[in-house]
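Biologist: I have a structure to go through with you. Can we take it question by question?

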Amino acid sequence: NCGASQVVPVAERFRRAVSEQPFETGVLSAEGINITMSCGVSCTDGPAGYYSHELIKEADEALYFSKNNGRNRITIADT
């Protein structure tokens, strides 16, 4: 029950938290490795009958847009 204006800041906080914290492997280096996170977000205020699999498909397409256009970003699906 929330729209993109509410979801995107939460996703952005997760993205920043992941990218700012080195991932400790215990093998590669003492400092850890830097990782990033890309997200696709899909929301609807649409009519009943807008199926969850459609939202998941749109979020997946937005995720691949993020990955193919620089990574480490949040993309909102065109709904």
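Biologist: Is Ser 42 buried or exposed?

Modeller: This is a predicted model, where local features need pLDDT of at least 70, side-chain atom pairs count only at pLDDT 80 or more, and totals for chains, interfaces and linings use all residues. Residues are numbered from 1 along each chain as its sequence is written, and side-chain values use heavy atoms, with hydrogens and water left out. Buried means under 20% relative accessible area, exposed over 50%, partly exposed in between (1.4 Å probe, protein chains only). Ser 42 has a relative accessible area of 17%, so Ser 42 is buried.

Biologist: With which side chain does the side chain of Ser 42 make a polar contact?

Modeller: A polar contact is a pair of N or O atoms within 3.5 Å; within protein, one must be able to donate a hydrogen and the other to accept it, and residues adjacent in sequence count only if both atoms are side-chain atoms. The Ser 42 side chain reaches the backbone oxygen of Leu 55 at 3.4 Å. Its side-chain partner, at 2.9 Å, is Glu 58.

Biologist: Which residue forms a salt bridge with Glu 61?

Modeller: A salt bridge puts a side-chain nitrogen of Lys or Arg within 4 Å of a carboxyl oxygen of Asp or Glu. For Glu 61, the closest N and O atoms are 2.9 Å apart, and the partner is Lys 57.

Biologist: Is Lys 57 buried or exposed?

Modeller: Glu 61 is partly exposed, at 46% relative accessible area. Lys 57 has 52% relative accessibility, so Lys 57 counts as exposed.
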